[in-house]
Amino acid sequence: MDKTGKKNIRYFFAGAGLLLAALALMGSGRRSGTGREDVITVGVFSDSYWEVQNGYSYRILEDAIALFEERREGVRVEYVSGILKEDYPEWLAEQMILGKTPDVFLVFGGNFHDMAEIGALKDLGDFMGQDGSFSTGEFYSSALACGEYAGKQYALPYECAPKLMFVNKTILDAEGIGIPEEDWTWEEFYGICKAVTKDTDGNGTLDQFGSVGYTWSEAFDSNGVELFDQNGTECYLTDERVREAIVFLEKLEGLYGGYHVTDRDFDLGRVAFKPMLFSQYRAYKPYPLSIKKYSGFEWECISMPSGSSGENIGKLDTLLVAMWENTPNETYAWEFMKLLTSEEQIQSEIFTYSEGVSVLRKVTESDETLKRLIDSSGEGSGLRLKALSDAVEHAVAASGFRNYGEAVAEVDKAVNSIMDGNANISMEQIIWNREINNFLKEQRER
């Protein structure tokens, strides 16, 4: 979705927020009394969150509904089908404005903070604290953190995908280079990129490259950079770790002699490394973590390289589940949310019917998942399965505050300007940091 679309969604949510207090007084008009069948509604979309073709979009939901209704006789779960992912945020905002908000609904990571800020989401603290069958320790802490706002839990993670580095194993084998260890560094990353970047056909033009798609975002994450404070009132672009990341990116890009390496180059087997969400990797896999021959080369995933001040980590994208603040069916809504997110039987289906990763550590590291790995790759790659689990656990949980997307766009503009220019990096950091802080102040005053 482009910036205009995202801004329109925020306006929808803002308009919905103005009606929440009134709806709390008026009620939703849904039955929740005794003696008759109770109904809870769920807001979902029809296609994959991970933007790949998926013929099982409702399979996990339907299985969860069947299990819930079996356990809760007299309670029925309903949902509206056919809503595309790209239309879903606007549809949900419209339902709020119309007073038809579902009791439980999926929330995109990019929309979560806006919805929490306007008061559309129920604080789950009491439910979590009073339910003896629920344990936050079962979840990956990074995934759980994606549903936090202002120190409170307003959503639970449903499925997730960490950012990992994808390796063209064929290139590395041809160059006599082994797959990097999970604790590899920027220096090793650069060294391999330098070694494989070359003119392979002797025509005087580079046609094999080290990397594509490794941006300031990946470099900042893996070097311990925190761009903003929690409330979005201050930018930290002057951090020394930012300068280190920019210097490394300039050094990396300098290998390619001004050539703009593209995703097409990677698809054709000409690039050694490319960062991707694990969901993109799974989209081409019958089972997780197996090696896939794609366009004539073998490829697999490993951790991101660490900067001198950081770790082998990347961002985590998480699809969340939340409860409407004014639902009259909060007990049933909580039970259904809990079933979707913490029931191992349901969470295990993510590895079959979706492209993400289960948010439960026990499911992702289970013997069943390990068996799928061994069957598909033909080798006992338990360590790589553990690497996936570690990548989720230690991933950078998406930050957020009002106008976070626009603030990140300002940082993108700043970093590109610094890298395109010849001025002193540290001085440019100071100048751009001042401009971004002014931007943040203007946004708060609106």
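Predicted model: local features only at pLDDT ≥ 70, side-chain atom pairs only at ≥ 80, totals over all residues.
Local features are given at pLDDT of at least 70 and side-chain atom pairs at pLDDT 80 or more, while totals for chains, interfaces and linings use all residues. Residues are numbered from 1 along each chain as its sequence is written, and side-chain values use heavy atoms, leaving out hydrogens and water.

Let's start with strand S6, residues 155-168. Strands here are DSSP E runs of at least two residues, and helices are H or I runs of at least four, numbered from the N terminus. Because 13 of its 14 residues are buried, S6 is largely enclosed by the rest of the structure; buried means under 20% relative accessible area with a 1.4 Å probe, protein chains only.

Now for the partners of S6, where pairing requires at least two DSSP bridges between two strands. With S11 (residues 315-323), S6 pairs antiparallel over seven bridges, and Pro162 has Leu316 as its bridge partner there. S12 (residues 357-358) is also antiparallel to S6, joined by two bridges, with Val357 opposite Cys160. Five bridges link S6 to S8 (residues 271-277) in the antiparallel sense; here Leu164 faces Met276. S10 (residues 297-302) runs antiparallel to S6 with four bridges, and Phe166 sits opposite Cys301.

Our other stop is Glu349, in the loop between helix H14 (344-347) and helix H15 (350-353). What does Glu349 touch? Leaving aside residues up to four places away in sequence, Glu349 touches Arg59, Ile60, Asp63 and Ser354, where contact means heavy atoms within 4.5 Å. Glu349 is buried yet has no salt bridge, meaning a side-chain nitrogen of Lys or Arg within 4 Å of a carboxyl oxygen of Asp or Glu. The nearest side chain of opposite charge, Arg59, is 5.1 Å away, with Lys and Arg counted as positive, Asp and Glu as negative, and His and the chain ends not counted.

Definitions and conventions:
Buried < 20%, exposed > 50% of the residue type's maximum accessible area, 1.4 Å probe, protein only.
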